[in-house]
Amino acid sequence: MGVQTIKLTDVIGNGFCIATEDGEKVHGSIVAAINSGDRVQLSFAGIEDLTSAFLNAAVGQLYGEYNEEELREVLLPPVDASQDDLTLLKRVVETAKDFFRDPDRFRDAVSEVIGDDNL
């Protein structure tokens, strides 16, 4: 099992990791690496802006595709990340774990908070 370092800015072509579509590109790179039997390390070098929408698309949805134990083995701690980036990533991962553990309960809780029965 090798290690693939995926530099986010190389995948999306700039330092603005904000769009869901760009997160999807990173997600594809992560899945390809995992499926080839490699471990994955994300590099946050050169990032100028980072959003939870981007991270949800790139990393969060992995928790609906793989179990947590598998991901713990193949996802290495990121490198070149600021403390703010790490905090945001941790929040996205925890939210994704909660969601995929019980999607209906999560949707009900969000609906109750925002008062929207159309979720």
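1. Start with α2 and α3: their axes come within 7 Å and cross at roughly 25°. (Axes are lines fitted to C-alpha atoms, for helices over the stretch in contact, with angles running from 0 to 180 degrees between N-to-C directions; helices are DSSP runs of H or I with at least four residues, strands are E runs with at least two, and both are numbered from the N terminus.) That angle makes α2 roughly parallel to α3, a label for angles under 35 degrees, while over 145 is roughly antiparallel, 65 to 115 roughly perpendicular and the rest oblique.

2. Before going on, keep in mind that this is a predicted model, where local features need pLDDT of at least 70, side-chain atom pairs count only at pLDDT 80 or more, and totals for chains, interfaces and linings use all residues. Residues are numbered from 1 along each chain as its sequence is written, and side-chain values use heavy atoms, leaving out hydrogens and water.

3. Which residues make the contact between α2 and α3? From α2 come T20, D22, G23, E24, V26, H27 and I30, and from α3 come A53, F54, A57, A58 and V59. (Contact means heavy atoms within 4.5 Å.)

4. Have a look at G23, which sits in helix α2. With 0% relative accessibility, G23 counts as buried (buried is under 20% relative accessible area, exposed over 50%, partly exposed in between, with a 1.4 Å probe and protein chains only). G23 and F54 are 31 residues apart in sequence, yet 4.6 Å apart in space, C-alpha to C-alpha. Leaving aside neighbours within four places in sequence, G23 is in contact with F54, A57 and A58.

5. Now for α3 and α6. Their axes come within 10 Å and cross at roughly 60°, which makes α3 oblique to α6. The contact is made by S52, L55, N56, V59 and G60 of α3, together with L88, L89, V92, V93, A96 and F100 of α6.

6. What about the largest nonpolar core? Of its 28 residues, I30, L42, F54 and V59 touch the most other members. (Such a core is a set of buried Ala, Val, Leu, Ile, Met, Phe, Trp, Tyr and Cys residues joined through side-chain atoms within 4.5 Å.) Not counting residues up to four places away in sequence, L42 touches I6, L8, V26, I30, V59, P78 and V79.

7. D80 has a positive phi of about 60°, although it is not a glycine.
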